[in-house]
Structures are given as C-alpha cells and as structure tokens.
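Hi,

Here is the structure I promised to pass on to you. Have a look at it first, then read my notes below.

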Amino acid sequence: DGKIQRLNAPVSRWVRSSTSLIDLEDPDLEEDITLAAIEIERSELALRQMRRTLALAEEKNTEYQIFANARIAESKAELAARNSELDMARRHLARVQSLVEEKLVSTRELDEAETQLAEANSKTERASLRLQTAEKTLDTLMTSGRFFTGERLEGDLGEIRSELERLEAESDLAKKELAALLDRRQRMNIAAPTDGRLEIGRAHV
C-alpha cells in the first residue's frame with residue numbers, strides 16, 4: 001500500500017516491458033528504513049570500538065606472556081643454581097661428618113655444615129616455589145586470556161571475543177532488516193509487465 005509519488009513514464013507513451021512506470025510512497029516504510037540505517041551506524045561504531053578493545057587486550061596479553069616466559073627462564077636458572085648449591089652443601093656435610101668420626105674436626109664445624117645445608121635447602125624450596133608461581137601465571141594467561149595492565153592481571157579475552165561476536169550478530173541482523181526494507185521499497189516500484197502504453201483509467205459512478 002502507498003500513495004503515488006512519481007510517474008516515471010508519460011501517459012500514452014509507448015514503453016517496453018520492465019520499464020519503471022510508477023513509484024509508490026509509504027511514509028511508515030521510509031521511517032523504518034531511516035531507523036534501520038541509524039541502527040546499522042550504531043552497531044558498526046560499537047563493532048569498531050570493540051575490535052580496538054580486543055586488539056589492545058591481545059597486545060597486552062602477548063606482552064605479558066613474553067614477560068611471564070622471561071620470569072620462568074629466570075626462575076629455572078635460579079633453581080638450577082640453588083640445586084647446585086644444595087648438592088655442594090650435602091657433599092660438604094658428608095665430608096665433615098666423616099672427619100668428625102675420625103676426630104679430625106670439631107663438632108662445631110659439623111653444626112656449621114648442617115646449618116649451611118638447611119639454608120641451601122630453604123633457598124632451593126623458595127626458588128622452586130617462584131618457578132611454580134611463574135608457570136601458573138603463564139598458564140592462567142594462556143587458558144583464561146587475562147592480561148596485565150601494569151599493576152595487576154585483569155580483563156578476559158574470552159569475554160571480549162564473546163561480546164564482539166554478539167555485536168557482529170546484531171550488525172548482521174540490522175543489515176538484513178535494512179535489505180528487506182529496501183527490497184520492499186523496490187517492489188513498490190510498478191513496472192510495465194509487457195510492451196505497451198501507459199493509460200490511467202477513470203472511475204465512473
């Protein structure tokens with residue numbers, strides 16, 4: 001339904017099949033088209049903003065993965081050094097114990113060797129804990145997609161990607177709705193079904 005907006009061919013002129021004859025106008029339809037176009041602009045803006053957010057989050061996540069890997073390498077090197085010190089402390093204690101049994105050194109040196117072993121064991125345990133923490137942090141980054149802001153871990157790449165997918169679906173739907181409205185407008189254009197002349201009939205009462 002609609003009112004005649006424009007005659008595209010003069011009355012009584014010969015026209016060929018499919019020639020546009022009359023354009024109908026539907027104000028409600030035009031308003032719907034305008035609103036649909038506005039909705040597409042809004043959704044496209046939201047999409048651009050969310051894509052920038054995702055790109056920034058991925059960049060931060062990658063940067064912190066590099067940092068976390070460096071911490072892991074550092075922690076492994078420290079643990080290797082502490083294990084070496086622990087092994088040396090154990091061998092030293094074994095030698096001192098042997099010398100004590102042979103009455104070649106005092107028990108004071110044995111006490112010192114045992115203290116050194118305890119300290120080396122404590123340092124090794126702390127180094128092992130630091131390595132476990134660094135590896136757990138990296139695992140969290142890889143599985144949850146969180147990223148480091150400079151002060152703390154926050155954000156979630158999974159949530160950002162889900163929101164981006166939702167916005168993309170909304171944008172696709174808005175475009176389909178606009179396409180349907182434009183198709184409806186196009187069908188309001190009356191074309192000549194065959195070759196012939198346009199005649200406007202008059203009503204009789």
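Lys103 sits in the loop between H1 and H2; helices here are DSSP runs of H or I with at least four residues (strands are runs of E with at least two), numbered from the N terminus. Before I go on: this is a predicted model, where local features need pLDDT of at least 70 and side-chain atom pairs count only at pLDDT 80 or more, while totals for chains, interfaces and linings use all residues. Residues are numbered from 1 along each chain as its sequence is written, and side-chain values use heavy atoms, with hydrogens and water left out.

Back to Lys103. Its phi is positive, about 60 degrees, although Lys103 is not a glycine. Is Lys103 buried or exposed? Lys103 counts as exposed because its relative accessibility is 73% (buried is under 20% relative accessible area, exposed over 50%, partly exposed in between, with a 1.4 Å probe and protein chains only).

Lys103 follows H1, so let's go there next. H1 has 75 residues and spans 108 Å from its first C-alpha to its last, close to the expected 111 Å (that is 1.5 Å times one less than the number of residues).

H1 also holds Tyr64 and Phe67, three residues apart, which means about one helical turn separates them. The structure has one aromatic pair, and these two form it: the pair is tilted, with 5.1 Å centre to centre and 35 degrees between the planes. To pair, ring centres of Phe, Tyr and Trp (its six-membered ring) must lie within 6.5 Å; planes under 30 degrees apart are stacked, over 60 edge-to-face, and the rest tilted. Tyr64 is buried at 13% relative accessibility, whereas Phe67 is partly exposed at 38%.

Now for the largest nonpolar core: ten residues, among them Leu86, Val100, Val105 and Leu117. Such a core is a set of buried Ala, Val, Leu, Ile, Met, Phe, Trp, Tyr and Cys residues joined through side-chain atoms within 4.5 Å. H1 (27-101) and H2 (107-144) each supply at least two of its residues, and H1 gives the most, with five. What does Leu117 touch? Leaving out residues up to four places away in sequence, Leu117 touches Leu86, Ala89, Arg90 and Leu93 (contact means heavy atoms within 4.5 Å).

Last stop: Leu173, in helix H3 (residues 157-187). Leu173 is partly exposed, at 48%. The C-alpha atoms of Leu173 and Ile40 are 9.1 Å apart, although 133 residues separate the two along the chain.

Cheers
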